[in-house]
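Take a look at the model below.

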Amino acid sequence: MAGIIESSPAHQNCSRYDIRVIIKFSVILGKDASCIHKDLVTVLGENAPSIQTVRKWVKAVSEGRDDMEDEPCPGRPVTAYGDANISKVLVSLSDDR
């Protein structure tokens, strides 16, 4: 059975969300981070997350995290490219060249 999993290219196209759900399921089964990482490498090969990433998610799931989606990242607000902001910049540039 393991040979079927290893040779299937469909298994090598998992999203981050899919991988996190696999980690969550594996934690529920009682597997540790090293075992989960080994399983992911067997199935995903070079597309597997690092052992540090697996440990991070094992810890998060063990502490009760249910949401496997990415948390919002700080940074430039989505509105930075709005028409109002572009107009303000153009007016500012035309006023003070």
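Helices here are DSSP runs of at least four residues, numbered from the N terminus. Helix α2 covers residues 16-28, and Ser26 is found in it. The model is a predicted one.

**Confidence**

How confident is the predictor? The protein chain averages a pLDDT of 82. Of the residues, 81% score at least 70. Confidence is lowest in helix α1 (residues 2-7), at a mean of 48. Confidence is highest in helix α3 (residues 33-44), at 95.

Start with length. At 1.5 Å a residue, the 13 residues of α2 should span 18 Å. The end C-alpha atoms of α2 are 18 Å apart, which agrees.

Now look at burial. Which residues of α2 are buried? They are Ile19, Arg20, Ile23, Ser26 and Val27. These residues cover an arc of only 120° around the axis, so they lie on the same side of α2. An α-helix has 3.6 residues a turn, so residues three or four places apart point the same way. The buried residues of α2 pack against α3 and α4 (51-62). The face turned away from the buried side carries the exposed residues Phe25 and Ile28. Just after α2, Gly30 takes a positive phi of about 95°.

Is Ser26 buried or exposed? Its relative accessibility is 7%, and buried means under 20%, so Ser26 counts as buried. Leaving out residues up to four places away in sequence, Ser26 touches Lys31 and Ile36.

Lys31 has another partner. The side chains of Lys31 and Asp39 meet in a salt bridge, at 2.8 Å from N to O. A search of the whole structure finds one salt bridge.

| Residue | Relative accessible area | Class |
|---|---|---|
| Ser26 | 7% | buried |
| Lys31 | 33% | partly exposed |
| Asp39 | 31% | partly exposed |

**The nonpolar core**

How many residues does the largest nonpolar core have? It has 14. Those with the most contacts inside this core are Ile23, Val27, Ile36, Leu40, Val54 and Val58. Helices α2, α3 and α4 each supply at least two residues of the core. Helix α4 gives the most, with five residues.

Val54 shows some of the packing. Not counting residues up to four places away in sequence, Val54 touches Ile23, Ala33, Ile36, His37, Leu40 and Pro49. Ile36 is also touched by Ser26.

Definitions and conventions: Residues numbered from 1 in each chain as written. Predicted model: local features only at pLDDT ≥ 70, side-chain atom pairs only at ≥ 80, totals over all residues. Heavy atoms only, no water. Buried < 20%, exposed > 50% of the residue type's maximum accessible area, 1.4 Å probe, protein only. Contact = heavy atoms within 4.5 Å. pLDDT = per-residue confidence, 0-100. Salt bridge = Lys/Arg side-chain N within 4 Å of Asp/Glu carboxyl O. Expected span 1.5 Å × (residues − 1). Arc of directions from axis to C-beta. Core = buried A, V, L, I, M, F, W, Y, C linked by side-chain atoms within 4.5 Å.
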